[in-house]
Amino acid sequence: MTENVWNYKSTAGRLAGADLTGYKVEATDGSIGKVDKHSDEVGDAYLVVDTGVWIFGKEVMLPASTVLSIDPNEKKVFVGLAKQQIKDAPEFDREKHLGDPGYHDELGTYYGTGGAPFGGPQI
């Protein structure tokens, strides 16, 4: 089910109401950028990550389930994805895709079954 990708895992250490804006985002194989925007809405939680020069200054949207852990002391968010999985995700355009249910479905399918290890049993 793709809706599960839009919720934080209980093991992520997410504190409701905490502002993650500016936190560095670490993929399994290195840094991918910083959190530019995030949502804690149940069933629609996500991070928008500014990738800087890594993917030519583009932003990516990551469903909350991709977050493995959050380190408030280091101001870092660790995601269970490799850089290539993130780079290959459906393109994100803030003007078009924020609040677009079709895009959320597409991204949920990608991270729920396609580009990431979330299609199998939930860990």
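Me: Is Tyr110 buried or exposed?

Reply: This is a predicted model. In it, Tyr110 has 16% relative accessibility and therefore counts as buried, since the limit for that word is under 20%.

Me: And Tyr111, buried or exposed?

Reply: Tyr111 is buried, with a relative accessible area of 0%.

Me: How should I read a pair of aromatic rings?

Reply: A pair of aromatic rings is described by the distance of the centres and the angle of the planes. In this model the count comes to 2 aromatic pairs. The rings of Phe92 and Tyr103 have centres 5.9 Å apart and planes at 45 degrees, so this pair is tilted. Phe92 lies in the loop between α1 (83–87) and α2 (94–97), and Tyr103 lies in helix α3 (residues 101–114). The two residues are 11 places apart, and the pair links distant parts of the chain. Both Phe92 and Tyr103 are buried.

Me: What kind of pair do Tyr110 and Tyr111 form?

Reply: Tyr110 and Tyr111 form an edge-to-face pair, with 4.9 Å from centre to centre and 85 degrees between the planes.

Me: How do I read a salt bridge?

Reply: Side chains of opposite charge can pair when their charged atoms come close. The model holds 4 salt bridges. In one of them, Asp36 meets Arg94, and the closest N and O atoms are 2.3 Å apart. Asp36 belongs to strand β2 and Arg94 to helix α2, 58 residues apart, and the pair links distant parts of the chain. Asp36 is partly exposed, with a relative accessible area of 35%. Arg94 is also partly exposed, at 27% relative accessibility.

Me: Which residues does the network with Arg94 join?

Reply: Another salt bridge comes in here: the side chains of Glu59 and Arg94 meet at 2.7 Å, N to O. Glu59 lies in strand β4 and Arg94 in helix α2, so this pair ties together parts that are 35 residues apart in sequence. Glu59 is buried, with a relative accessible area of 18%. Through shared partners, salt bridges join Asp36, Glu59 and Arg94 into one network.

Me: Which residue forms a salt bridge with Lys58?

Reply: Glu91 does, with the closest N and O atoms 3.6 Å apart. Glu91 sits in the loop between α1 and α2, and Lys58 in the loop between β3 (46–50) and β4, so the pair ties together parts 33 residues apart in sequence. Glu91 is exposed, with a relative accessible area of 55%. Lys58 is partly exposed, at 36%.

Me: How do I read the sheet?

Reply: Strands of a sheet pair through backbone hydrogen bonds, either parallel or antiparallel. Here 6 strands form an open sheet with mixed pairing, in the order β4-β3-β2-β1-β6-β5. The edges are held by β4 (59–63) and β5; each has a single partner strand, so one side of each is left without a neighbour in the sheet. Neighbouring strands are turned against each other by 35 degrees on average, direction ignored.

Me: How many bridges join β1 to β2?

Reply: Strand β1 (residues 24–27) and strand β2 (residues 30–39) run antiparallel and are joined by 4 bridges. Within this region, Val25 stands opposite Gly33 in β2.

Me: How do I read the nonpolar core?

Reply: In soluble globular proteins, nonpolar side chains tend to be buried together. The largest nonpolar core in this model has 32 residues. Those with the most contacts inside it are Tyr8, Leu62, Val77, Val79 and Ile86. The elements that give two or more residues to the core are β1, β2, β3, β4, β5, β6 and α3.

Me: What is Tyr8 in contact with, leaving aside neighbours within four places in sequence?

Reply: The contacts of Tyr8 include Arg14, Leu20, Ser39, Asp40, Tyr46, Ala64 and Ile70.

Me: How far apart in space are Gly17 and Asp40?

Reply: Gly17 and Asp40 are 7.5 Å apart, C-alpha to C-alpha, and 23 residues apart in sequence. Gly17 is found in the segment before β1 and is exposed, with a relative accessible area of 68%.

Me: How do I read a backbone angle such as phi?

Reply: Most residues other than glycine have a negative phi. Lys75 has a positive value, near 55 degrees. Its place is in the loop between β5 (67–71) and β6 (76–79).

Methods:
Residues numbered from 1 in each chain as written. Predicted model: local features only at pLDDT ≥ 70, side-chain atom pairs only at ≥ 80, totals over all residues. Heavy atoms only, no water. Pairing = 2+ DSSP bridges. Axes fitted to C-alpha atoms, helices over the stretch in contact; angles between N-to-C directions. Phe/Tyr/Trp six-rings, centres within 6.5 Å; stacked < 30°, edge-to-face > 60°. Buried < 20%, exposed > 50% of the residue type's maximum accessible area, 1.4 Å probe, protein only. Core = buried A, V, L, I, M, F, W, Y, C linked by side-chain atoms within 4.5 Å. Contact = heavy atoms within 4.5 Å.
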